[in-house]
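Please keep the 3D view open as you read.

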Amino acid sequence: MMREKWLGSLLLLVFGIFTRALGAFVGINIGTDVTNLPPASDIVAILKANQINHVRLYDADSHMLKALSNSGIEVIVGVTNEEILGIGESPSAAADWINKNVAAYLPSTNITAVAVGSEVLSSVPNAAPVLVSAMNYLHKALVATNLNFQVKVSTPHHMDIIPRPFPPSTATFDSSWNSTIYQLLQFLKNTNSYYMLNAYPYYGYTKGNGIFPLDYALFRSLPSVKQIVDPNTLFHYNSMFDAMVDAAYYSIDALNFSGIPIVVTESGWPWFGGAKEPDATVENAETFVDNLIKRVLNNSGPPSQLNIPINTYIYELFNEDKRPGPVSEKNWGVFYANGSAVYPLRLGASDQMTGNSSVVFCVAKPGADSDKLQNGLNWACGQGQANCTAIQSGQPCYNPDTLENHASYAYNDYYQKKHAVGGTCDFDGTATTTTIDPSNGSCKFTGSTSSSMSGGFTPATALGPTTTPLDGSSSSILQVPKFLYLMSATFLVLVLLCPGGPSSFLPC
């Protein structure tokens with residue numbers, strides 16, 4: 001048991017190394033209970049316009065998955081609650097689901113996880129007996145299609161399965177679910193997946209009978225006399241969000257599991273409510289989302305797991321006016337269905353999701369002549385000395401595998417390095433400048449403030465479509481240790497977790 005605990009802690013450390021090196025992210029949920037839901041292509045256009053690079057779907061809608069093709073956006077697809085019973089009772093049904101909704105769209109649609117249901121233990125307890133079976137069958141189907149390393153399986157949980165979340169150090173899961181949750185955690189650990197948590201400080205505050213101040217729920221600073229402190233650990237909690245995440249970590253630990261990271265699959269604040277919902281206001285929603293983004297992007301975890309950043313998905317993209325319940329249930333969206341914003345989405349200087357007006361990027365013009373684009377790409381990666389490593393096959397900016405995308409990356413790398421000494425953004429009329437950061441997913445364009453790297457992933461040598469010399473800049477040199485850091489962490493995981501060692505390629 002001690003060895004397992006140690007390995008679990010080490011796994012969390014390694015997960016933290018990867019996440020901190022790559023940077024924590026803020027994604028968004030896309031619900032569909034909308035009267036005038038835009039076409040899938042328009043939804044993807046909204047995502048791209050706001051450079052939102054991580055989304056969670058509540059189903060596996062074929063129109064959305066097709067529209068997301070070659071976008072680089074990372075996607076969590078959902079098994080609906082209604083589908084769980086059938087999949088949990090039939091391995092063949094699970095295999096059919098994976099083949100139809102995952103394998104059919106990879107690699108062009110960047111599916112990274114399957115969320116099995118939504119708050120199943122809270123909302124459809126009759127499906128709980130087969131929940132873990134459904135997850136196992138889906139994972140085995142991924143193994144059979146050799147997709148289990150790319151696509152993880154988990155299930156989102158409501159905070160209410162932790163009846164007393166404060167103080168976090170004494171939090172435990174509802175004992176009536178212990179058997180199911182134990183099996184679920186064992187599955188997550190065995191498959192190197194993560195715990196999906198839906199954490200809503202809005203409900204923690206409105207249902208807390210005045211125990212906690214509004215500022216605590218909104219990430220605002222509290223005076224010293226009102227600091228929230230866990231009496232057992234003496235950890236200070238600056239936000240209810242952190243306390244909720246830590247309560248989940250302690251609950252997992254109480255069942256003798258460790259090494260399972262937490263991803264917050266839903267968190268948000270309604271911007272409008274009924275007469276008895278006075279805290280559902282635009283001001284509070286904007287404050288919460290702004291501060292949530294800042295909190296996530298500081299790349300730290302809650303007090304008990306400081307080295308494990310909290311990747312988080314905002315709830316939600318659109319207002320779902322068809323949802324039942326109080327007025328607030330229909331008004332969580334950041335955008336109206338026509339694409340206009342309910343309130344500004346300010347995602348911070350280091351985030352991947354917004355444009356950055358202080359930086360000018362050079363990109364290929366849409367519809368530019370393909371021969372001229374190819375000539376421009378060849379020149380930039382050759383004589384222009386752009387670092388084109390990131391657009392090679394298997395590297396972060398290779399997809400979408402289009403001439404326009406590759407030319408944009410090369411043009412921009414050249415422009416960022418040379419415009420101060422007279423380099424222009426023209427390339428025989430095929431290039432144009434923009435203040436919108438073209439980075440997407442793990443692909444970071446040179447000059448992007450969303451990455452400390454100089455133009456994406458840069459190993460020790462750089463080869464472009466034509467041989468590309470290193471520019472010798474300090475930023476290129478500094479990228480090598482980060483690369484080696486990640487490689488070392490990967491090797492360590494393989495050594496510890498794979499029975500046959502890192503060369504065995506066993507699905508551990």
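Two rings of Phe, Tyr or Trp count as a pair if their centres lie within 6.5 Å. With that in mind, this predicted model holds 23 aromatic pairs. Take Phe25 and Tyr313: their ring centres are 5.6 Å apart and their planes meet at 80°, so this pair is edge-to-face. The pair ties together distant parts of the chain, since Phe25 sits in the loop between helix 1 and strand 1 while Tyr313 belongs to strand 11, 288 residues apart. Both Phe25 and Tyr313 are buried.

Now turn to Tyr202 and Tyr203. Their ring centres are 5.3 Å apart with planes at 65°, so this pair is edge-to-face too. Tyr202 is buried, at 4% relative accessibility, whereas Tyr203 is partly exposed, at 22%. You will find the charged end of Lys207 over the ring of Tyr203, 4.9 Å from its centre. Tyr202 and Tyr203 also belong to one aromatic cluster, whose members include Phe219, Trp269 and Trp332.

Next, look at how two helices meet. Helix 4 (residues 81-88) packs against helix 7 (residues 128-144) at about 75°, with the axes 8 Å apart. Angles of 65 to 115 degrees count as roughly perpendicular, and therefore that is how helix 4 and helix 7 are described. Helix 4 contributes Ile84, Leu85, Ile87 and Gly88 to the contact, and among the residues from helix 7 are Val130, Leu131 and Tyr137. The contact residues comprise eight nonpolar, two polar and no charged.

Finally, visit Ser251 in helix 11. Ser251 is buried, with a relative accessible area of 0%, and touches Ile162, Ala171, Thr172 and Phe173, leaving aside residues up to four places away in sequence.

Terms used
Residues numbered from 1 in each chain as written. Predicted model: local features only at pLDDT ≥ 70, side-chain atom pairs only at ≥ 80, totals over all residues. Heavy atoms only, no water. Axes fitted to C-alpha atoms, helices over the stretch in contact; angles between N-to-C directions. Helix = DSSP H or I, 4+ residues; strand = E, 2+ residues; numbered from the N terminus. Parallel < 35°, antiparallel > 145°, perpendicular 65-115°, else oblique. Contact = heavy atoms within 4.5 Å. Nonpolar A, V, L, I, M, F, W, Y, C, P; charged D, E, K, R; others polar. Buried < 20%, exposed > 50% of the residue type's maximum accessible area, 1.4 Å probe, protein only. Phe/Tyr/Trp six-rings, centres within 6.5 Å; stacked < 30°, edge-to-face > 60°. Lys NZ or Arg CZ within 6 Å of the ring centre and 35° of its normal.
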